[in-house]
Amino acid sequence: MIGIVTNGLPFQNRFFAEEEFHYLYDDILHIRELHRYDLANYDTLILSCRLDIPHLKRYQSQLLAFIESGKRLIIFGEILDNWFPTIDWQDSEVNFSWWVRDGGDLPMTEQNMTHPLFKYVTLRDLKWHYHGSFLPPEGAQSLLDIPDGRSLFYVDNVSFNGELVVTTLDPMFHIGLGFIDQSKPFLHGIAKWLREEEGQ
């Protein structure tokens, strides 16, 4: 059972209207009402990008209890104001135009390619831009690095009883606003990986 948490912002509402992504989640949970849901009903919670920081802080202990109960928590986008412990976030300049320059590139490399997510995504699917990077905890698996060795996507199976999946990529935002097509195959890859995990 997969739940996805939203603010109810217009881009999120447009994302939820996209029928091709309905198989990604079973329920939509509003962050302002998170205390009303029984999170024990879910195996995975997805936090959409650009959720309200005050509400994320308000429900931090509930989200920590969820992951400590052995469940999977997935966080998309920026981790601002240190709202979640263990996540070392660093802002970076956003390169919005590398693809229109002759020979332009956004250097990044896949890591730990035996991870099952790579059955469903390629490096191209992961590459549009990023707003910052992470230093994963020791023992966590980075799946995508930038040249300075910091991560854009990691899986942490060592800090909690459950699994924390963190990525700076922000596909819901771009799908909801209708631009940056790479975000679609990336999110389909996430959905297929999660549904495969659910079936095991």
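**Reading salt bridges**

Author: Let's start with Glu 198, which is partly exposed, with a relative accessible area of 35% (buried means under 20% relative accessible area, exposed over 50%, partly exposed in between, with a 1.4 Å probe and protein chains only). This is a predicted model, where local features need pLDDT of at least 70, side-chain atom pairs count only at pLDDT 80 or more, and totals for chains, interfaces and linings use all residues. Residues are numbered from 1 along each chain as its sequence is written, and side-chain values use heavy atoms, leaving out hydrogens and water.

Reader: How many salt bridges does the count come to?

Author: Side chains of opposite charge can pair when their charged atoms come close. The rule asks for a side-chain nitrogen of Lys or Arg within 4 Å of a carboxyl oxygen of Asp or Glu. Here that gives twelve salt bridges.

Reader: Which residue forms a salt bridge with Glu 198?

Author: Arg 195 does, with the closest N and O atoms 2.8 Å apart. Both sit in helix H6, three residues apart, about one turn of the helix (helices, H or I, have at least four residues and strands, E, at least two; both are DSSP runs numbered from the N terminus). Shared partners join Asp 26, Arg 195 and Glu 198 into one network.

Reader: Where does Asp 26 meet Arg 195?

Author: Their side chains form a salt bridge at 3.3 Å, N to O. It links distant parts of the chain, 169 residues apart: Asp 26 is in the loop between helix H1 and strand E2. Arg 195 is partly exposed at 24%, and Asp 26 likewise at 36%.
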